[in-house]
Amino acid sequence: GQRLDPLSIDVNTVVGLNFYVKRRYDEAIAQCRKAMELDPGFFLAYWILGFSYLAKGMTHEAVMSWRKAQELSEGSGLMLGSLGGAYALSGQRDEALKILDRLGEMEKKIYVSPLQKFLIPLCLGNRDEAMDQLEGAYRERASELAFIKAVVITESLRPDPRFTALLKKMGL
């Protein structure tokens, strides 16, 4: 697709995602930056960039990237939850908890998937609550759950039999 349409923001961002999934983080970062040059307002490129930074242990950069993704997405719960996770990993526990509260407030007005809240407890070290959120996302058939095995940050859940069972139920 990139050869056919080298200026497509969608295609360039998906190429970055593919590098991330293949654990080729430097290439994912470079590809996301290329996508952002094509369209500096495309929040998904910043989101994938943030995951790539986290995989490399670059929490400050992940926070900055996800802040921008959240801002550009005009309040996406998924972007907000991701930012909360990055805050937690960067040692900004209070900021992470504030975002969890914001998601709770949003939930009173609009639908908020359990998957949107999952990263914060996981990154704060609360695996039980993170698993509860993942199981809720499974019950609600959250489509983003299809990528859960590829998200590097979930590696801490791999020894948990509930995580293994969830992956098995999903055919992953």
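**Pocket, core and cysteines**

Author: Before you start, note that this is a predicted model. Helix H1 (9–21), H3, helix H5 (77–89) and helix H7 (114–123) each supply at least two residues of the lining of the largest pocket.

Reader: Which helix gives the most to that lining?
Author: H1 does, with 6 residues.

Reader: And how many residues line the largest pocket?
Author: There are 23, and Leu17, Trp47, Phe51, Leu78 and Phe147 lie nearest the centre. By class, the lining has 17 nonpolar, 4 polar and 2 charged residues. The space in this pocket is about 470 Å³.

Reader: New topic. How many residues are in the largest nonpolar core?
Author: It has 55 residues. Trp66, Leu115, Phe118, Leu119, Leu134 and Ile148 have the most contacts inside it. Helix H3 (residues 43–55) gives the most to this core, with 8 residues.

Reader: What does Trp66 touch?
Author: Leaving out residues up to four places away in sequence, its contacts include Tyr46, Trp47, Gly50, Phe51 and Leu54. Trp66 also touches Ser82, Leu83, Ala86 and Leu119.

Reader: How many disulfides are there?
Author: The count comes to 0. Cys32 is in no disulfide, and the nearest cysteine sulfur, that of Cys123, is 18 Å away.

Reader: Is Cys32 buried or exposed?
Author: Cys32 counts as buried, because its relative accessibility is 0%. Cys123 counts as buried too, at 11%.

Notes:
Residues numbered from 1 in each chain as written. Predicted model: local features only at pLDDT ≥ 70, side-chain atom pairs only at ≥ 80, totals over all residues. Heavy atoms only, no water. Core = buried A, V, L, I, M, F, W, Y, C linked by side-chain atoms within 4.5 Å. Buried < 20%, exposed > 50% of the residue type's maximum accessible area, 1.4 Å probe, protein only. Helix = DSSP H or I, 4+ residues; strand = E, 2+ residues; numbered from the N terminus. Contact = heavy atoms within 4.5 Å. 1 Å grid on protein atoms, 1.4 Å probe; cavity = no way out; pocket = protein on both sides within 12 Å on 5 of 7 lines; lining within 4 Å. Points joined across faces, edges and corners; volume = space filled by probe spheres on them. Nonpolar A, V, L, I, M, F, W, Y, C, P; charged D, E, K, R; others polar. Disulfide = S-S within 2.5 Å.
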